Amino acid sequence: MEDFNDIKALWTQAAPKQSVDASIVIRAAKMYKARIILRTSAGILALAGALIVVSLVAFHYQFRFATTKVGIALVILAIVSGMLMNSQLVWLLLKPNSTMDNKTFLKTIKALQQKEQYIQTKFLSLYFAVLSIGMMLYLFEFTYGGLLFSIIIYSATMGWILFAWLYLRPRSIRKQRERTQKIIDQLEGVAAQMEE
Amino acid sequence: MNFEQVYNEYRPRVYRLCMGYVADEAQAEDLVQEIFITVWQNLHTLKNEAYVGTWIFRIASNQCLRTVQNTRKKKQVVPLPETTNTTPETEERIQTLYRCIAELEETDRILISLVLEDLPQAEIAAITGFTEGNVRVRVHRIKERLSKKMQANGRL
């Protein structure tokens, strides 16, 4: 094909406009690695810090009820797991291997996106559930004995929980789902081009 | 295997693949950098040095395919380069070629760029995951389509 030979000749004349030294790429790669290490360390430190706080509170303060200690532990557990999810630490474990062939790679990243979508949805529900239960248990000791006071406090807490469960949670899930679904749809579009 | 050696040998080829995929100088440079970061991180896992080309083109094409969410949104116009070793007319033809390739479907862009890089069909099959027979059929079709596009742009 004569025309295509011209195209090929043209292609071989094309060269990068910028000359970027290998050392710059190595520096960027090292910085990327350092960022990952920092992010991972921050996640682990947050977890360790939370465990120390829970232990100190549990041993230092003389709560009358065990429910208070359990409540604090659950609230902190929810907060820390939320921090870990936001730090993207979990997603580092799901990083695909980019040295596989295109077809397998597309299948893998699509499966990973679906897994991410599933984890995020389940996690959000679990997060709100644990946080709510933790708050209810924590408040129990302080409202114990005063009926009116406990009704007011529990009504306010229940109101917040209902708002979070019925409005904030579905809204966050919908947003995350839309984002990942869009990527999944686009990946499916490319994967469909590879059907033989 | 030495990273600098691999980088210097494959950077122009990877750059062309990326430019054919996105037809945008800045985006292509970002992609090239990301690709070579991945190469640097994984070079120690490469068992057989004889397959370094296949290995790098796999990383490069996978990285390009991952950008699908960004490239589908906007078709960018390639700005004319500020400095180049080629004549302005050749440079303009090269930019038109990049644009014509970037108008193809995502997998076709990868296939044709690998063909233009003179890779044998068996290697293209190993990079993309297509069978050799399928590569042959597809490449024939893409060559025709690309030639027509270039002719329509008055560049052949």
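Among contacts in chain B between residues at least 6 apart in sequence, 66% join residues at least 24 apart, two residues being in contact if their C-beta atoms, placed from the backbone, lie within 7 Å. The model is predicted: local features need pLDDT of at least 70, side-chain atom pairs count only at pLDDT 80 or more, and totals for chains, interfaces and linings use all residues. Residues are numbered from 1 along each chain as its sequence is written, while chains are lettered from A and ligands numbered from 1 in the order in which they are written.

Chain B contains eight helices and zero strands; helices (H or I, at least four residues) and strands (E, at least two) are DSSP runs, numbered from the N terminus. Of the 156 residues in chain B, 44% are buried. A residue is buried if 20 or more other C-beta atoms, placed from the backbone, lie within 10 Å of its own. In α1(B), 14 of the 20 residues are buried, so this helix is largely enclosed by the rest of the structure. α1(B) bends by about 45° at B:Y10, with a proline, B:P12, following within four residues; the bend is the angle between axes fitted to the seven residues ending at a residue and the seven starting there. Just after α1(B), a positive phi of about 50° is found at B:A23.

The contact between the chains takes 38 residues from chain A and 54 residues from chain B. Elements giving two or more residues to the chain B side include α1 (3-22), α2 (25-42) and α8 (132-152). The largest share of that side, nine residues, comes from α2(B). The residues of the chain B side divide into 22 nonpolar, 20 polar and twelve charged; Ala, Val, Leu, Ile, Met, Phe, Trp, Tyr, Cys and Pro count as nonpolar, Asp, Glu, Lys and Arg as charged, and the others, Gly among them, as polar.

A:W11 lies in helix α1 (residues 2-13) of chain A. A:W11 is buried, with 21 other C-beta atoms within 10 Å, and touches B:R16, B:L97 and B:L116, not counting residues up to four places away in sequence. Between the C-alpha atoms of A:W11 and A:S41, 30 residues apart along the chain, the separation is 46 Å.

Also in chain A, the axes of α5 (residues 102-143) and α6 (residues 147-193) come within 9 Å and cross at roughly 175°. Axes are lines fitted to C-alpha atoms, for helices over the stretch in contact, and angles run from 0 to 180 degrees between N-to-C directions. α5(A) and α6(A) are therefore roughly antiparallel to each other (angles over 145 degrees). The residues of their contact divide into 19 nonpolar, 13 polar and six charged.

Technical notes
A residue is buried if 20 or more other C-beta atoms lie within 10 Å of its own, exposed if 12 or fewer, and partly exposed in between; C-beta atoms are placed from the backbone. Angles under 35 degrees count as roughly parallel, over 145 as roughly antiparallel, 65 to 115 as roughly perpendicular and the rest as oblique.
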